[in-house]
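Here is a short briefing on one protein model. Look at the backbone first, then at the packing inside.

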Amino acid sequence: MQNLIHKLLDHRIELMRHDAHLRREVDRRLSKGLKHALGLILAGYVENMSRRAMRKLVNEIDRAITAAYIEAHTTTETAMTALLAAEIPMLHSIYLKNGIELGMPKLADLAHELPLINGAGLDDWWTKQSRDTVFKFQRTVRQGMADGLLHRQISKILADEIKLARRHADTLVITATAGVSSRASEILRDNNRDILQGEQHLSTLDSRTSDICRARDNLLWDMDKKPVGHDIPYQRPPLHPRCRSVMLLVTRHRKAMMEHGTRASADGLVPAKTTYEDWLKSKSVAEQDDILGKGKAALWRDGKITMRDMLDQTGRPLTLEELKARY
């Protein structure tokens, strides 16, 4: 039987590969709209432009960029709704193949169950990105006019803004995908409260794992979201952009799994009970410095702080200066 922990983390990575197609589709639509806005600017941008002409141009920029982001939002929301309906049975199958029988919710009731992403809906995030991009384009045009910039100078600045907008959109799609997977797990949890004991945070054991997810790795919360054996507050992944962590639904099988199972790491399979801190202890000093930063790594090696100490009571990562002040 393939280890459940290993399979859940593997599935999370598979989802990141799966969303590559969606990211290409979103990028194609967004890039087309942003390049159209750039074309409008280059065609309409002239020296000593009148205020009336400037207002007309910035309004055209607004319409072109807003339309592009509406397309990106529609494409993403349609894909995320379909993914949620598919993800619940996929997660159910993973648990079932590892000997854990969970009840399945009625998928027809979940058409509008898309999760919040860091406290905001998908439409809110696309609207924010749209407004930010409109503002940057319009600001560049107005400032360029005031500074007497040439077409090629304006074009270069806006080409960089387009690259940045595309990266932000890419991150949003990746994070939304993680949020949908987490929401699917949450739905399964709520549908099986009678047989579950809680949830366990599982982080990826490699050098790219964030401060937040390092400290949370292997921690448990009960079904009322209360910490078990620690004081870090409950939060569901994704905890940050491009988060790869997952929540394991904990049943009576947990003890045997943790004693005899394995989980994946950057160095191959390790015992399931291995925490991120355990894994990091096996690395060289140079690798530890590279992952944590020299200052935090030194405090950690000296036994002055643990991974959990690197977060405050709300789960926010502490800076090196804040850690030094405390310890």
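Asn 118 sits in the loop between H2 and H3. The model is predicted. In it, phi of Asn 118 is near 50°, a positive value in a residue other than glycine.

- Most residues other than glycine have a negative phi, and most peptide bonds are trans.
- Asn 118 has a relative accessible area of 47%. That falls between 20% and 50%, so Asn 118 counts as partly exposed.
- Lys 225 is not a glycine either, yet its phi is positive, at about 70°.
- Lys 225 belongs to the loop between strand E2 (220–222) and E3.
- Lys 225 is partly exposed, at 39% relative accessibility.
- The peptide bond that joins Pro 237 and Pro 238 is cis, with omega about 0°.
- Pro 238 is placed in the loop between strand E3 (227–228) and E4.

**Largest nonpolar core**

- This core, the largest, holds 58 residues.
- Leu 8, Ile 41, Ile 65, Tyr 95, Trp 126 and Phe 137 have the most contacts inside it.
- At least two core residues come from each of helix H1 (4–44), helix H2 (51–97), helix H3 (122–147), helix H4 (151–191) and strand E4 (246–250).
- H2 gives the most, with 16 residues.
- Which residues does Leu 8 contact, leaving aside its neighbours within four places in sequence? They are Leu 91, Ile 94, Tyr 95, Val 246 and Leu 248.

**Another core**

How values were computed
Residues are numbered from 1 along each chain as its sequence is written. This is a predicted model: local features need pLDDT of at least 70, side-chain atom pairs count only at pLDDT 80 or more; totals for chains, interfaces and linings use all residues. Side-chain values use heavy atoms; hydrogens and water are left out. A nonpolar core is a set of buried Ala, Val, Leu, Ile, Met, Phe, Trp, Tyr and Cys residues joined through side-chain atoms within 4.5 Å. Buried means under 20% relative accessible area, exposed over 50%, partly exposed in between (1.4 Å probe, protein chains only). Helices (H or I, at least four residues) and strands (E, at least two) are DSSP runs, numbered from the N terminus. Contact means heavy atoms within 4.5 Å.
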